[in-house]
Each structure stands twice: as structure tokens, then as C-alpha cells.
Amino acid sequence: MKILIIGSGISGLAAAIASADMGNHVVLVSPYPSERAQSVMAAGGINAAVGTAGEDDSYVHHAMDTIKGGCYLENEDDVRRFCERAPENLRWLEQMGVVFNRKEDGAINLRAFGGQSRKRTAYAGASTGKQIVTALVQKCREYEIDGRIQRRLGLHFHSGLIRDGVCYGALFCQQFTGVLQAIYADAVILATGGQNKLFGKTTGSELCDGYAAGRLFSQGVQLRNLEFIQYHPTTIETDYKRMLITEGARGEGGRLYYLDGEKRVYFMEDKYGPKGNLMSRDIVSRCIYDCPSQVYLDISFLGEKLIHERLEEVYQLCKDYIGLDVTKEPIPVAPSIHFFMGGIRVDRNHRTNILRLYAVGECASKYHGANRLGGNSLMAAVYSGRVAAEAIHREENAKVRVENFASYIEQEEALLNRIKESRSQFPSVYILRNLAEIMNDNLGITRNRKGLSEGLEAVDLYLNVMKSIKFDHTVSLYENYRIDSMLLLAKAILCSAMAREETRGAHIREDFPETKETFQKCSVAELVDGQIQINFEAESCEKGERMV
């Protein structure tokens with residue numbers, strides 16, 4: 001079979017390697033090399049109940065923590081499968097060449113992460129994500145040499161080649177020429193990451209702009225749980241983005257406090273006890289948000305040896321970006337958008353509601369519910385990539401009848417030519433900057449009906465503006481045509497947040513402060529006759545279920 005994978009971070013790489021291992025031909029497409037993927041930014045670690053911390057851990061405990069942390073939205077059977085395979089996936093990464101920190105007896109060293117009842121986060125120094133990407137890239141290159149994987153760089157996703165609920169491949173825009181190119185395949189795996197660009201300065205990469213999800217949404221793909229946006233509680237401000245201070249800093253014993261006069265108030269410990277600093281991210285972020293003054297994270301008392309051995313990235317970040325020596329001074333921190341629990345709706349095999357179209361990694365909404373546990377994202381990326389590859393090999397063995405998309409491609413080419421010929425009086429950078437302000441102002445740690453309504457009104461205004469304003473000649477063609485789909489995705493997020501009239505996990509409604517049993521369901525966004533519809537559906541664990 002020919003499998004098209006769009007995106008080359010950890011989830012895309014894992015899917016590519018697993019597919020190639022099963023004898024399939026893989027075309028791995030991305031605009032940039034894997035070394036620029038957001039995956040390399042992950043520092044803290046990856047979760048697996050390998051039981052080397054002497055705390056009687058198991059995948060059952062891992063699953064219970066994940067479900068509880070996600071506020072009981074996820075299907076228990078799906079989460080159990082994810083957690084049960086985590087130790088095996090960790091070994092798979094080791095076989096690829098990832099070197100995890102180990103104890104003197106040779107066992108994998110584990111650290112504590114927020115929301116977990118036991119230590120189960122393995123780590124590779126201070127650059128776990130980078131080391132995983134490096135190892136997977138090396139394996140991919142081996143398969144590129146023998147022809148099992150074909151790497152295509154410089155191509156931006158333009159749209160799916162979808163007809164009558166079936167995906168036959170994807171259309172891409174060449175990064176420099178703007179020429180459209182169709183790639184047909186027996187199955188397509190989307191691995192395009194989250195929606196950081198919608199919010200401007202976040203901890204993630206601006207290359208993750210949400211365009212693919214927005215465009216596919218307009219083509220009939222369902223989205224899920226978009227209202228759940230995770231704020232990481234400890235970040236520092238820089239001129240261009242928020243820099244993440246890994247949860248590993250608190251996992252190693254770091255303490256949060258604010259000053260009341262000259263007195264340190266360890267507010268998390270006062271409220272939740274000795275392990276208060278390691279509550280789940282939604283709780284810590286909300287507590288920091290409610291503090292009366294600047295919050296600090298102190299790790300100086302851990303000592304220079306431990307900091308340089310286990311938290312070197314934190315030391316270097318603070319030194320390079322804010323001129324602070326963490327071995328002597330506390331770190332001024334604040335919450336920032338970090339992860340999107342919402343995304344493309346998938347089943348347990350990562351199939352979307354469109355046949356032969358799969359979604360993996362952060363662009364897919366699965367396992368995390370209303371709030372993701374630290375360390376689960378890297379494991380979900382590996383797991384989802386491998387699971388999708390296995391499902392395709394098992395289920396999509398009938399050859400796809402090649403449909404003729406020539407007229408559709410001509411239509412899209414004509415649209416791009418009109419964009420090229422028109423000139424915008426409002427540069428795309430202006431629209432995106434305003435969109436980021438709209439999303440941050442109205443989808444912050446807390447939100448309410450008034451703010452959400454104002455956000456929807458503002459996004460609708462820009463959607464109407466885009467009907468007549470098309471091209472900013474100061475940027476690339478892709479940076480122009482992506483805006484419509486990004487605005488549509490932004491509107492779907494606001495609609496989802498408006499529809500969930502409760503507080504749950506990372507979704508905090510000031511006007512609906514209680515958690516309601518009637519909303520213990522996942523939101524599903526769908527575009528019907530040009531209108532966004534939001535429904536709520538409980539997850540099912542029936543075997544063989546397909547979301548069509």
C-alpha cells in the first residue's frame with residue numbers, strides 16, 4: 001500500500017517507521033525538516049508505567065490518573081489501551097536509539113509529574129523530545145535509502161482530496177513557486193500538530209497554525225473538544241514567545257510561591273499539601289492566575305549539581321533569555337497556552353469520520369479529555385502514530401479506485417491565481433495579530449458568555465473581510481490563503497467554548513462555575529450547510545465502532 005503522511009514530528013515519524021516496517025510504501029510530506037518540528041521542544045519526559053521507582057505502578061494506575069486528570073471525558077477502554085502499551089513503546093524508542101536517564105542499577109530513572117499518583121515519567125536529560133526526534137529521523141533515513149520511505153520537503157498542505165466521504169490523497173502547495181501538486185494514496189495520516197499560531201505567543205511553534213484542521217473542517221471532517229486549551233503554569237516571557245519551564249523542575253522538588261510583603265507564601269502547598277506543586281496543570285494555572293502578585297518558582301535549593309545534571313535546559317533558558325541564574329535566584333513565572341486537547345475527532349484506531357483519513361499526535365483529540373497530564377503528549381504521539389499505521393495495514397488493504405480530481409485542482413489553481421492578482425489593503429500579519437488578540441482576550445484561563453460573544457463577532461467580521469481582501473504581497477502565497485481556514489477554526493473553538501456551559505478541566509466559565517454531569521460528554525463540531533453545529537456525545541467503547 002501507499003501511505004501518505006502529512007507532518008514529520010514524532011507522531012508522523014512513528015507512523016512512517018511503523019508503516020515501512022510492515023512493508024508499505026510511505027510518502028512523508030512536510031514544509032520543513034523534522035528538526036524544526038515542535039516535538040523537539042518537549043523537555044520534561046514521557047510517561048510509561050515501567051515500575052522502576054519502587055512505587056508499585058502499573059498501566060491501570062496510569063490509566064486512572066489519565067482519566068481523572070481529563071475529568072472523566074475519555075473512553076476508559078481507549079485510555080487503558082494507550083497506557084497498557086506505553087512500556088512497550090518506551091522499549092521501542094530505546095531500540096531506535098533513545099538514551100533515557102538511568103539509575104546506578106541500570107533501571108530507567110523516573111521523575112514525578114503533575115497529576116500523577118506515582119513517578120512514571122522517563123526522561124533523556126533536559127531534551128527528551130529532541131532526542132526522540134533525532135533517533136526517529138535516523139531510522140527514517142535508513143528507510144529512505146532503501147526506498148521504503150520517500151521524503152518530500154517544501155510542500156504545504158492545501159486540502160484533502162475527498163469525495164463522497166472518502167479521502168484519496170491530498171493537494172499540496174509548493175512553498176516557493178505556489179504550484180499545486182496532488183499526491184494520491186491508499187490512506188492518509190495527518191500529523192500537523194496544534195493551533196499555536198491562532199494565539200500568537202505561546203510555548204509552541206508558530207509553524208503549527210491550525211490551517212490543516214480548519215481546511216479539513218470545511219471539507220466535512222469533524223472536530224472534538226476544541227474548548228479545552230491547556231495553559232502550562234510555568235513559563236517565562238521573551239520578546240517573541242513564551243519559553244517553557246519544564247514540569248520536571250517541580251518534579252525534582254521546585255516550589256511555587258508569591259510574596260506577601262517579605263514573607264514567601266507557598267500557596268500550592270498551603271492549599272493542597274506537600275505535593276501541591278504537582279497538581280494537574282489546569283489547577284496550578286488557575287491558582288497562579290488567582291494569586292495577588294508575581295509568582296516565582298524556586299529551584300535554587302536543589303543545588304548546582306542536580307540542576308546541571310537534570311535541569312540544564314532550565315538553567316540555560318533563564319540565563320540566555322532573562323539573565324537569571326536559577327542556582328541563586330527564583331524564576332518569575334506565569335501561565336501560557338501550551339497544548340490543545342481539542343482537535344480532529346478520531347476513534348480508537350485514529351480513524352476520522354472520513355474513510356481512509358487518519359489523524360495522530362496533537363492534531364487529533366484523544367486520551368487527554370479536559371486536561372492533559374504532563375508526559376502523556378510524547379507517549380500519545382508515539383502510540384497514535386503506530387496505532388494508525390497498524391490499523392491501515394490491517395483494515396485498508398483494498399486498493400483505492402483512483403478518482404479524477406482534475407476539475408477540483410483546476411478550480412483551486414484558479415482561486416490561487418485570483419489571490420495572486422489581487423492586493424490586500426490589510427496585510428495578513430495584521431489580521432493574524434488581531435486574531436491572536438481576539439483569541440487570548442476571550443479564551444483565556446477564564447472565559448464567559450460576554451467575551452465569547454465578542455470574540456465570535458470579531459472573527460465573523462474578519463471572515464467577511466476575507467471575501468474581498470485576498471493577497472498581501474509581503475508574504476508567501478500560503479500565508480495568505482491559510483487565513484480563511486484559520487479564522488474558521490477559531491470560530492469553531494469559540495462556538496465550542498460557548499456551548500459548554502460548565503467548568504471542567506482547562507475550560508473555566510466564570511458564568512457557569514460548576515461541573516455538570518450533563519456535560520460529561522465530548523463536544524463535536526461539524527460544518528453543516530456552511531453553519532457550525534456543536535453537539536455533545538459520550539464516548540463509546542463498542543468494538544469495531546466507526547464514526548460515520
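Which side chain makes a polar contact with the side chain of N47 at 2.6 Å? I looked, and the partner is T121. A polar contact here is a pair of N or O atoms within 3.5 Å; within protein, one must be able to donate a hydrogen and the other to accept it, and residues adjacent in sequence count only if both atoms are side-chain atoms.

A note on the source: this is a predicted model, where local features need pLDDT of at least 70, side-chain atom pairs count only at pLDDT 80 or more, and totals for chains, interfaces and linings use all residues. Residues are numbered from 1 along each chain as its sequence is written, and side-chain values use heavy atoms, with hydrogens and water left out.

**More on N47.** I found N47 in strand β3 (residues 46-47); strands are DSSP runs of E, at least two residues, numbered from the N terminus. N47 counts as buried because its relative accessibility is 0%; buried means under 20% relative accessible area (1.4 Å probe, protein chains only). I also noted a polar contact between the side chains of N47 and Q116, at 3.2 Å.

**Strand pairing.** Next I checked β16 (residues 295-298), which pairs with β14 (residues 255-260) in the antiparallel sense over 4 bridges. Two strands pair if DSSP finds at least two bridges between them.

Key:
Buried means under 20% relative accessible area, exposed over 50%, partly exposed in between (1.4 Å probe, protein chains only).
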